[in-house]
Amino acid sequence: MMAFLTVALAIFHSLAGLAILIVSSWFIAACAIAAPGFNYMLPAVVIRALALLRIGSGYAHMWVGHQHLLGLTASLRLTLFARLQSQKIHSRSEEVEALASHTEAVAALWVGWVSQQASAVMMLLMSCIGLWWLNVPLGGWVWILAVSWLIVMAILCLLGLTYAEEIARWEYAFRQHSEAQLAAAPIWHIKPGASLLDMMPKAIACWRANMLLQKRVLQAQWVFQGVAWLLLLAAFLALIHTHPNPGKAEPLLLIVPMLLLSAGDWLGRSYNTQPALNKAVQGNRKLNTLPSGSLTLLPGPPVEGAVTLCNFRSANLPEQCINAELPVNGIVWVTGPSGAGKSQLLQAIAGVEKSNGERMCANNILPSGLVPGWLYLEQQPMVLAATLKHNLCLGKAFRDTELSTVLIEVGLSHLVELGEWLGPGGRQLSGGERKRLNIARAMLHNGTMWLVDEPFEGLDLNAISSLMALIESQANCRLIVIASHVIPDGVEPLHHIKV
């Protein structure tokens, strides 16, 4: 409903502007030839009323359109969350693009493209019908203008979608190259300066493709404007040779020339919005073809009980072999040198990664797949470009009182506004705040086991101590497995796994 209301307001806004142009054209001509006693006030009042309607509908369109954009973006992201509950995206860059750019591009289609095209179509249609009904001289030339607009727009759409595919390929290559180079950041200092600069990712090809698309949009506008001017010239020539009473003044004669002369203004925005269509089509295509692997979500309620690992390892690390008895609750530490596979082990236990060996709970062997209630808390928690509430709920419904209570428990009581925007363009969270946000998510989703990856990395001693106290308080009612290089001072591990 919001989408159609957005389009309706955009159409009303455009039609009001077109009506101002038509009435003003007639009014100018009528004033020039008006006889004494001509009522100047009524047309002037009509023009002012149309101007007020245009301004009011314009603001209403912006408000309703942005409300629809935000609501649809949230809905698309929640749908994506639900879909990814049993899938894993292989590339972090693709994951970020899907959650941020692609969903927003798809949601913006109604505001950014559909509204403008619907407005252009309705303006042309109402112009043709109105001119025919009023029997305005030269009205048939507007039908030719409408056909010209449709042809140019169709060609631009085809070209735009072709360029959009090319832009998408270059953007994908740029992201892949960037991801690889950023992963190699620790060894940049040992590379020669010239060699390092040559290896850096470059977006020149992507920039050129975008510039070419903008050039085609500009060319389409000029072609359409040129057609309108040619029609205007042809209309004048036809009028000179065919008008039966050249000496008779006719105010309606000025309407069609004014429409043709200003066609680039009242229809030009429909061409400028072409990139919105390209982004929406590519975004929808990317969302439907995310490079993700299916993960089996084991049926049933959350799994509880003591966990046993027998010759267990991540499928990516054949040299790993873990045998361990894990308690029902408490803290289990996983330690080992860098690259030994601590993160891989936690992901394999949770079922995020494929595994070999056996994992048993309450003496029952668990098949491969995601275990209900076993939550993997990643090393670098993702903060979405969304509200605090959306970052906490992650697609599930919680009362505001629940969210506020959890924020107080994890030490984020200073984040009092659930509608506050986080991520790019919003509040920038520190490393410690991100870790606490991740724990708040786990508390809300009430997992029976938390698999926490490097929770203390990059934190100072006070932050480590505070975070450890929070983890210990949660370990009284669940099992928490921590993979970390750092064991805080004063902590004596009762359960320890070395990899």
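Analyst: A residue counts as buried when its relative accessible area is under 20%, and as exposed when that area is over 50%, with partly exposed in between. The model is predicted. Cys 393 has a relative accessibility of 6%, so Cys 393 is buried. Cys 321, at a relative accessible area of 44%, is partly exposed.

The next point concerns bonding. A disulfide is a covalent bond between the sulfur atoms of two cysteines. The criterion applied here requires two cysteine sulfur atoms within 2.5 Å. For Cys 321, the closest cysteine sulfur belongs to Cys 310 at 9.6 Å, and the pair is therefore too far apart for a bond. Under this rule, the number of disulfides is 0.

Strand 4 covers residues 322–326. In a regular strand, side chains alternate between the two faces of the sheet. In strand 4, Ile 322, Ala 324 and Leu 326 form the covered face, while Asn 323 and Glu 325 form the uncovered face. Strand 3, residues 307–314, runs antiparallel to strand 4 and is joined to it by 4 bridges. Within this pairing, Phe 312 stands opposite Ile 322, a residue of the covered face of strand 4.

As for the setting of this part, the protein contains 15 helices and 11 strands. Of its 499 residues, 44% are buried. Among contacts between residues at least 6 apart in sequence, 79% link residues at least 24 apart.

Key. Residues are numbered from 1 along each chain as its sequence is written. This is a predicted model: local features need pLDDT of at least 70, side-chain atom pairs count only at pLDDT 80 or more; totals for chains, interfaces and linings use all residues. Side-chain values use heavy atoms; hydrogens and water are left out. Helices (H or I, at least four residues) and strands (E, at least two) are DSSP runs, numbered from the N terminus. Buried means under 20% relative accessible area, exposed over 50%, partly exposed in between (1.4 Å probe, protein chains only). Contact means heavy atoms within 4.5 Å. Two strands pair if DSSP finds at least two bridges between them.
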